Each structure stands twice: as structure tokens, then as C-alpha cells.
Amino acid sequence: MTFQTMPKVELHTHLEGCAPPAFIKQLAHEKKIDISGIFDAGGGYAFRDFDHFLKVYEAACTTLQSPDDFRRLTMAVLEETAAHGVVYMETFVSPDFCGGGDLAAWKDYLAAIEDAAREAEDKLGITLKGIVTGIRHFGPEACKPAARCAAETFGDFVTGYGMAGGEMVRRPADYAYSFDMAREAGMPLTCHAGEWGGAAMVAETIRHLKVARIGHGIGAIDDHAVIDQIVENDLVLEVCPGSNVVLKAVDGWGSHPIAKLRDAGVKVTVSTDDPPFFHTTMTAEYDMLNKTFGWGEDDFKALNKTALAAAFCDDDTKARVAKRLETAQ
Ligand SMILES: [Zn+2]
């Protein structure tokens, strides 16, 4: 078995962020939108740093204007992801990009995404679940409609609530209202923290937002007390090493803390975040973890087991995915 064909579970992706550049270019062409400035000479996405990345990301999203666009997007993304052995994927979906936070519009977009997910499951054997996501840099007020959309559509496909976007905007406690709303609806929670904001941001996120998982969380490495807190609370980190390297959240693969966190007893998982933006795939992530830290098949099997246990989906889906992981091994 190669790293590419090994069955994988991926918990941290952003649906629009997985959009192949050629797909976005095609949509821009069809809609006569000029976003040529977001591409480099090779046809990939071009950005300078994290803030510029967010701008380029949002510019790409301007081409996604209807439920049908999202149906096509979901299919294009799942074809790409399944080609790297991913059998179960959770993806962040944002009502802000799907109808501007309006609940009725959101339901239309969601139906289209679910449709494509069902088709992909039949054709490609990959299961997709959605985590509704507030965008942090749009502010605490803008996250409330996202949380309401999440709570109102929590079910088979929408399995959790989370927050992405610019981590240094406000503090976690400012977003507690949205997280409380989702928690009261019974939703499991995750939040990006500790990609840029260090251990303190991770600690505040645990304290105020009471999440089960943390997006990235790598800043925890600088504070033993925060690592202990993660372990004691049985939290899981959605680590995206390739993303961290490209965005320079770490100096390079060699200094990425994923191995140290794992050795400290933290439950780590591996994801691609926004693969075409970061020139990565799940195969490439495994390859680099192998080259950098010597991780092999047994490590990756354990990693996928951890990820599936931490998945937000129902037990029946977990049992089905577990079988797919086992039969291929
Ligand atoms: Zn992310």
C-alpha cells in the first residue's frame, strides 16, 4: 500500500478552500468576473501572507454564487480528495458564502451540497460531512446568523459548528454567544486557535468556547499547562502541517511541533486545510511526515483511528467508515 492509496480520514478542510484553481477560473469565465490577479503564472493561487491569503480566498469565493455552483464545487473537491485515499472528510461550510447568512437561502445551498455529497459517496466511496462555520474576522455579530443556520440544520449532513478566519480578531470570549447557541442545539464544536495566537489563544478557546476539537492548536507547544489541559480534557487537534509551513506559522517542516505534541500525549490528526492554496494533498502530507519524522504505516493507521473517533458524525457512519479503513488494510 502506498501513502496515496492508504485509506484516510480528514477532519479539517474548508470547502471553498479546496476548490481547484481551474474550477474557479472556469466559473469566473462563465460569469465574466475578473479575478485574474489571484492566480500566479502557473495557474495556482497567489498570495503573500495570511492576511493576503484571506483576501485571495474571498475573491475566489465571489465566483461561487448559487447552490448549483456549490453542487459543482463539492463534486470537483470530492473527486480530488478521493484520489488521495480519503474515505471520510469533514469540511467547513459557511452560510456567509452560501446566501449571506439567510436561513432559507442557506437551506438551498445545503441541499445542493448534500446532493453532490450523496452522488460522490455512490461513485467514489467518500463520505462528506459539513461543519457550519462562522468567519471570525467578520465579527461576533456576523457569527450569530451562522450559528443559527447551524442549529437549524443540524442533522445527518451538518454535524458540528466551528469558527475560522482571522484568528487575531477579537478574543474567543467575544464569540461565546454563537458557540453557546450551537452547543444548546446539541452540536459538537471546533474552533481555529493557536495557529497564530499562541498557547494563550488555545487556553481561552477551551475555557470560553468549550470545544471538543481545536483547528491547528500548534501554539500549545509553548506552554506545558495548556498541553496538560488539552490532554486532560481529551481534546483533539486538527493539525495541518503543510498549511502551517506555507503560511509560515512555523519555520519549516523540521520545526513543526506535531511530533512533539503527539509525544506529549496530545491526540493529533492530520488534514490539508485548503490543499490547492498550500500546494498540498493528503498524500503529500503523509510523505512529508514520513520524511521529516519517520512516521510510517502504523503511525498513520493510529492517526486515522484517532481522527475517526473524533469525527462529528453519527455512530452508524463511524462504523461504516471504520470498515472501509479495516478492509483496505
Ligand atoms: Zn482551517
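**Exercise 1.** What distance separates the centres of domain 1 and domain 2, taken over C-alpha atoms?

*Solution.* The structure is a predicted model, in which local features need pLDDT of at least 70 and side-chain atom pairs count only at pLDDT 80 or more, while totals for chains, interfaces and linings use all residues. Residues are numbered from 1 along each chain as its sequence is written. Begin with the division of the chain into domain 1 (8-18 + 67-327) and domain 2 (20-63), whose bounds come from an automatic or database domain assignment. The centres of domain 1 and domain 2 lie 22 Å apart.

**Exercise 2.** Describe the contact between the two domains.

*Solution.* Contact requires that the C-beta atoms of two residues, placed from the backbone, lie within 7 Å. By that criterion, 13 residues of domain 1 are in contact with 12 residues of domain 2.

**Exercise 3.** In what order do the strands of the open sheet of 8 strands run?

*Solution.* Strands are DSSP runs of E with at least two residues, helices are runs of H or I with at least four, and both are numbered from the N terminus; two strands pair if DSSP finds at least two bridges between them. The order is β1-β2-β3-β4-β5-β6-β7-β8, with parallel pairing. At the edges stand β1 (8-14) and β8 (267-270), each of which pairs on one side only. Within the sheet, β6 (residues 213-216) and β7 (residues 236-239) run parallel and are joined by 3 bridges, and R213 has V236 as its bridge partner in β7.
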